[in-house]
Amino acid sequence: MLILTGAAGYGSLHDNMYLLSDKQTLTTYVKDTIHVYGSGTYEQIKDHRNNVDPMNIAGYKFAFAFLFTPFIMGALFLFGMYAGKKKWFYDVSAKQKQYGRWAAVLVPLSLLLKGTMYVWPDANWAGSTHMLGGSLLSLGYIAGFAWLYAKYEKSFLMKAFESVGRISLSNYLMQTVICTTIFYGYGLGYFGKLGMIAGVFVCIGIYGIQLIGSYMYVQKFKTGPVEKLLRIWTNFSWSGKPKEKKTLPSEVNHPFVG
């Protein structure tokens, strides 16, 4: 499946960049999007997102892409299932060196593969190596973070990461609320105005607040607020806990029966 993932990216830099639309159309779309998202109302942003399509993808092409995408992404899903079955990330302390070796190989190799498209922009094969490099780089990041976690497992930072993971759905939705308030027109309207460096610091700041806030939250509560609501809904219980099944009395062997 990794080979299939690479094959999906076949083509030069120019071919992949303007595969579904021309440069002028995309440029106009980006400018309109920055304007609408940065100064528009909620309804205007919603309408732009739902109805403006610079690619004008035909129905059959969209259906093909929809059906083909799971095969492209399937390699990483299968890897996750296999890693779980083999318990690769259960005893992280014992496998610290192994994680380090994986990261040391996968990260630089993946960056080299991704860079081929920019070193040889006219080479069709570079698109495949670029796509393959993206999948391998994600595995390298996983191994690298596992190595860091194993090395600094008892540190506050790792405990904070654990806390974010325990209430991940609440944090995900909170990021949406915070970022739309900062960037969209019905908030502060900074969409397309901060620049890359300032944007990176904003992201670090937001996530830093969530790290500290999540750590403080899980000291008092076991689950996040959204996770709690989800458990109430799925278990049909105000406590969020599944209802205990009533056990039937065991069958009694009566002396006059069989």
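Visitor: Before we start, what does "exposed" mean here?
Guide: A residue counts as exposed when its relative accessible area is over 50%, as buried when that area is under 20%, and as partly exposed in between. The model itself is predicted.

Visitor: Take I204, then. Buried or exposed?
Guide: I204 is exposed, because its relative accessibility is 53% and the exposed class begins over 50%. The residue lies in helix 10.

Visitor: Where does K222 sit?
Guide: K222 is in the loop that runs between helix 10, residues 196-218, and helix 11, residues 225-235. K222 counts as exposed because its relative accessibility is 74%.

Visitor: Stepping back, how many helices and strands are there?
Guide: The protein chain has eleven helices and zero strands. Its pattern along the sequence is accordingly written α-α-α-α-α-α-α-α-α-α-α.

Visitor: What share of the chain is buried?
Guide: Of the 258 residues in the protein chain, 26% are buried. The accessible surface of the chain is about 18,700 Å², and carbon and sulfur atoms account for 68% of that surface.

Visitor: Where is K87, and how accessible is K87?
Guide: K87 lies in the loop between helix 5, residues 59-86, and helix 6, residues 96-119. K87 counts as partly exposed because its relative accessibility is 46%.

Visitor: And W88, where is that one?
Guide: W88 is also in the loop between helix 5 and helix 6. With 21% relative accessibility, W88 counts as partly exposed; the buried class requires a value under 20%.

Visitor: Which residues does W88 contact, leaving aside its neighbours within four places in sequence?
Guide: With those neighbours set aside, W88 is in contact with F79, Y82, A83, K95, Y99 and W102.

Visitor: How far is W88 from Q98 in space?
Guide: The C-alpha atoms of W88 and Q98 are 10.0 Å apart, and the two residues are ten apart in sequence.

Methods. Residues numbered from 1 in each chain as written. Predicted model: local features only at pLDDT ≥ 70, side-chain atom pairs only at ≥ 80, totals over all residues. Heavy atoms only, no water. Helix = DSSP H or I, 4+ residues; strand = E, 2+ residues; numbered from the N terminus. Buried < 20%, exposed > 50% of the residue type's maximum accessible area, 1.4 Å probe, protein only. Areas by Shrake-Rupley, 256 points an atom, 1.4 Å probe, with all protein chains shown as cover. Contact = heavy atoms within 4.5 Å.
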